[in-house]
Amino acid sequence: MKIKLYDSYSRSLREFEPIKGNEVKIYACGPTVYDYAHIGNLRTYIFEDTLRRTLDFFGYDVTHVINITDVGHLTSDADTGEDKIEQGSKRTGKTAWEIAELYTEAFKQDLVHLNILEPGIWCRATDHISEQITAIRKIEEKGFAYITTDGVYFDTSKLTNYGYLARLDVAGLNAGQRIDIGEKRNATDFALWKFSPKDQVRQMEWESPWGTGFPGWHIECSAMAVKYLGEMFDIHCGGKDHIPVHHSNEIAQAEVCYGTKLANFWLHGYFLETDQSKMSKSAGASLHLQTLLDYGYDPLSYRYLCLTAHYRSDLKFTWESLDGAETALNRLRSAVHAWGEPGIPDDQYLQQICHQVYDDLNTPKALAVIWRLVKSNLAPARKKATLLECDKILGLNLTNWQPTVVEIPGPVKELMDLRAQARKDRNWVEADKFRDQIAELGYEIEDSAEGATLRKK
Ligand code: AMP
Ligand code: ZN
């Protein structure tokens, strides 16, 4: 069996083969740490963790890098607007450095909650200013940079295939552009270095051959990726929004600096879509993992929900779908728990499941096979061993799960008994009345084939 992955650059499903021996080097664009990550961002990191776990499971020796963008990401992709970190500093009254530290730690905590394996290498943009300056110098020496009053820019018109990844219609963009591009020569040109505003002292700024300022957002990723993984490595990934700007620009820089397209495979996760009006129980806020925890959800239910959709299709988030994922995950956990000691994995099922994940990480189909396995008449010990093997890829932490014994308050217990009796008597009106009373005491009932279970609201 081989692993097949969809490469956005060639727009095709390709058999995966490491560039060198058994080593696989992955770079994943990390968070801009000016606020908590929202659950959409986290979907992308779950997809990348699934990729990494799949490659690990296959037997490759994986090096996984995630960067921390703590400077240079402006509010507009057109390289205008404010630096998001400095903006976060104004919003909270903390320093830019404190902001970056706070949200980096929060992000790492989110990854722990989601059972995302820690990358082998973390790297911060502000720790790699000299590497970025060296790369910009190289671009300048090769004649691809020009200077304006506010920074150093990459001249995209000098690269014949600029924007190939996104199949950008560069000529059309330049001809049809209505936005003001200021001193930029072309609409698609982007900042390599920005000068600090003359009338303002930035909290984060450095000396450079061109003047005091800070690096553009795109140069950090190519400079750090090359430092840790080499000029051409195996897989570069991120969310699909990175295709037309951020990754197109990373490739442009690499083509000029190293004559490569930086990565052999470019993988992109599609979006989690949220219906803000329904989503935001707290006014207007985008949803953070902590909010899910505050509502009593297990973060791994969100991981399960993400696995139910293919990473290359958008996923619409609803509370009902999260409830469904939590129920399914709990059934899986209870089953695994009830099966006792694991035996020997079943090769046929294991192969069927691997066949699905090796086919461009088709986790929804893998889950379908898993449920067939659960319902099969295979010996429990074999089922358990097979599931625990697969969980190395799914990351649902099935091994360590223990049922929590919840202390149910007396009045709730009484109402539960009354409701059970009413249901036995087929008195649905009464049963619903008891359910409402239980809800008023802060508990939600979930009925399944195994009986009624309670959850704190
Ligand atoms: P950022 O912190 O904005 O740089 O984004 C971090 C990661 O989340 C990037 O890989 C983005 O492509 C990804 N991303 C942003 N919004 C979403 C979304 N709604 N669904 C999935 N991924 C997203
Ligand atoms: Zn990046």
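The residues of the shell around ligand 1 are five nonpolar, nine polar and one charged. That is in a predicted model, so keep this in mind for every value I give.

I will stay with the ligand for a moment. The shell is made up of 15 residues, and the closest are Gly40, Thr44, Gly239, Asp241 and Leu272. As for the site itself, ligand 1 sits in the second largest pocket. Two elements give two or more residues each to the shell: α1, residues 39-58, and β10, residues 233-239. Which of the elements gives the largest share? That is α1, with four residues.

Now the polar contacts. Asp241 has a polar side-chain atom 2.4 Å from an oxygen atom of ligand 1. Asn41 also meets an oxygen atom of the ligand, through an N or O atom of its side chain, at 3.1 Å. With Gly40 the backbone is involved: one of its polar backbone atoms is 3.1 Å from a nitrogen atom of ligand 1. On its own, ligand 1 has 490 Å² of accessible area, and the protein covers 90% of that.

Next, the aromatic rings. How many aromatic pairs does the structure hold? There are 18. A pair of this kind is described by the distance of the ring centres and the angle of the planes. I will take one of them, Phe16 with Phe265. The ring centres are 5.3 Å apart and the planes stand at 55 degrees, so this pair counts as tilted. The cut-off that matters here is 60 degrees, since planes over that would count as edge-to-face.

Where do the two residues lie? Phe16 is in the loop between β2 (12-15) and β3 (23-28), while Phe265 is in strand β11, residues 263-269. The pair therefore ties together parts that are 249 residues apart in sequence.

Technical notes:
Residues are numbered from 1 along each chain as its sequence is written. Chains are lettered from A and ligands numbered from 1 in the order in which they are written. This is a predicted model: local features need pLDDT of at least 70, side-chain atom pairs count only at pLDDT 80 or more; totals for chains, interfaces and linings use all residues. Side-chain values use heavy atoms; hydrogens and water are left out. A residue is near a molecule or strand if one of its heavy atoms lies within 4 Å of it. A polar contact is a pair of N or O atoms within 3.5 Å; within protein, one must be able to donate a hydrogen and the other to accept it, and residues adjacent in sequence count only if both atoms are side-chain atoms. Accessible areas come from the Shrake-Rupley method with a 1.4 Å probe; for residues, only the protein chains shown count as cover. On a 1 Å grid over the protein atoms alone, a cavity is a set of points where a 1.4 Å probe fits but cannot get out, and a pocket is an open set with protein on both sides within 12 Å along at least five of seven lines; lining residues have an atom within 4 Å of a point. A molecule sits in a cavity or pocket if more than half of its atoms lie within 2 Å of its grid points. Ala, Val, Leu, Ile, Met, Phe, Trp, Tyr, Cys and Pro count as nonpolar, Asp, Glu, Lys and Arg as charged, and the others, Gly among them, as polar. Rings of Phe, Tyr and Trp (its six-membered ring) pair if their centres lie within 6.5 Å; planes under 30 degrees apart count as stacked, over 60 as edge-to-face and the rest as tilted.
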